[in-house]
Amino acid sequence: MRFELPITPPSRVTGLSGAGPTRGGGRELPVYYPATGAQISTLVEDDADAVALAVANARAAFDTGPWPALGTEKRMAVLEACRKAILENIDELARLECAATGLVLRELKSRHMVRAAYNFRFFAEFISQSAGQTYTQTENYVTTVTRRPVGVAALIAPWNAPVALATMKIAAALAFGNTCVLKPSEQTPLALARVVELLQAELPEGVLNLVNGRGPVTGAALVAHEGVDLVSFTGGTETGRTIMSAAGRNLTPTTMELGGKSANIIFASADQDRALDGALQGIFSNNGQQCLAGSRILVERSVFDDFTEEFAARAARIKVGDPLDDATELGPLASAPHMERVLSFAQIAREDGGSVLTGGTRRDDLGRGYFIAPTAVLATSNADRCAQQEIFGPFATILPFDGVEDAVRIANDTNFGLVSYIWSDHLPTVMQTQTQLRSGVVWVNTPMMRELRAPFGGFKSSGVGREGGAACEAFYTEEVTTTTPIHPVSLRRFGAE
Ligand code: NAD
């Protein structure tokens, strides 16, 4: 089986800082097409000196450039130009993204890139509505609270939805007047390099910079740099711990969007067909690689056997294959080590006493790409490793429960707390469950619905802080309290006599 490349990517990818490429200085890293396992490009890693230059460019653009002080109207116009630049290049961007991630091209064009463009409109509209506060608690005084951009934002992105997730950070940081240094995942640098090139053409020099390379090299140098004022991170929980500790040394504020092991709770009172569709979408979309996946499917015992049988039958029929084929429902996993890790959980589930209902094997018939069969396992209890650890692949762990209290107990019995899903047509059941769940987001009778004005983020090891309209405004701005008397005030005259 030989899958065609979505696009011929540039043979070498570098960072982009100030008026040109970064100086690199680090290793050369291979970029692979996950559908074939073939190397398709080479990434030039930025070492600590290259990172320092990128931060210096962002610093200069913040301290002396026009961007932070630009009026809202002008900044909105630039954000609108950024949106258009992405929209006009959707096909190329989607193909570059497909080449490094293996995500299905149809989804990249119709969802990820459209969303990436919309992120700029969303934040442009948000700043058009932003207002300060005024207080007159004490007569003769007016106190105002205004917001200012914080400075240089380090934006660190993962590989599972590189452009869609990174543009949320870029658009937010820019909209509130900051300058940025973006570090994409070293596995998936292609589309973001082109996005940055397109956006740089619309922005004053130095406002948006790109550095590339591995996390512990390029990422660590960026986070530890004293010229960085903010760190916005999306990625794994362990990486989050490392970054937060490093940022803490400089007292740099961070926001952490981390992993999940979200419960998808299916009550007998749910429309079972819709719950089944929702559960399948919740775990198998985006090639199964998403933080908000409903990866622990909890099913009420009275409908457990029927639901599980149908879920496994549908999972086995999912069309796995070429990311360029519109009919494909599940493409390859992002990398060979990741594929091996996901597959290892089938064995881990068996060792813990569970059973594999479907999948758990590589799809060798599809060639050397990182394809696996959609997988569903029955766990013996929520303590099983496949019910506790984030697997981050097309791998569903299914467990039974008895009633609301049991569902809530199991759902909350995890170190994570990003999202929960509830399926029921019985309002008291929904409300009794919703009010007890410990997760930052609850989706009722819907698989995924991201309202950008609302906060998104997790409890416990799923994150610190939130992303979303007002949450981003709070993170990407500093509040300044200014108090002014209306009439001159009488002052104590120290040392006058
Ligand atoms: P990762 O933590 O391995 O890497 C994420 C980014 O951090 C990459 O750019 C990486 O190079 C960088 N990095 C790694 N070590 C670093 C260090 N020491 N200093 C600075 N940067 C460093 O995560 P991943 O494997 O790319 O992504 C998958 C993870 O991301 C999953 O756990 C998933 O749940 C999570 N995720 C969370 C959300 C959310 O919104 N909560 C969204 C998407 C993905």
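**Helix and strand close-ups in a predicted model**

**View 1. Helix α4 bends by about 25° at R115.** The bend at a residue is the angle between axes fitted to the seven residues ending there and the seven starting there. Helix α4 spans residues 105-129 and comprises 25 residues. From its first C-alpha to its last, α4 reaches 35 Å, close to the 36 Å expected at 1.5 Å a residue; the expected span is 1.5 Å times one less than the number of residues in the helix. Helices (H or I, at least four residues) and strands (E, at least two) are DSSP runs numbered from the N terminus. The model is predicted, with pLDDT of at least 70 required for local features and 80 or more for side-chain atom pairs, whereas totals for chains, interfaces and linings use all residues. Residues are numbered from 1 along each chain as its sequence is written, and side-chain values use heavy atoms, with hydrogens and water left out.

**View 2. Helices α5 and α6 pack at an angle of about 35°.** Helix α5 covers residues 162-175 and helix α6 residues 190-200, and their axes lie 10 Å apart. Axes are lines fitted to C-alpha atoms, for helices over the stretch in contact, and angles run from 0 to 180 degrees between N-to-C directions. The crossing of α5 and α6 is right-handed (the near helix is turned clockwise from the far one by less than a right angle). P162, V163, A166, T167 and I170 of α5 meet A191, L192, V195 and L199 of α6, contact meaning heavy atoms within 4.5 Å. By class, this contact of α5 with α6 has eight nonpolar residues, one polar and no charged; Ala, Val, Leu, Ile, Met, Phe, Trp, Tyr, Cys and Pro count as nonpolar, Asp, Glu, Lys and Arg as charged, and the others, Gly among them, as polar.

**View 3. Strands β6, β7 and β21 form an open antiparallel sheet, in the order β6-β7-β21.** β6 (133-135) and β21 (477-485) stand at the edges with a single partner strand each, so one side of each is left without a neighbour in the sheet. Neighbouring strands of this sheet are turned by 20° against each other on average, direction ignored. Strand β7 (residues 141-149) and β21 are joined by nine bridges, and R148 has E478 in β21 as its bridge partner. Two strands pair if DSSP finds at least two bridges between them.

**View 4. Strand β16 pairs with both β15 and β17.** β15 (residues 355-358) and β16 (residues 375-378) are antiparallel over three bridges, with S355 partnered by L378. Four bridges join β16 to β17 (residues 395-401) in the parallel sense, and the partner of T375 in β17 is F395.
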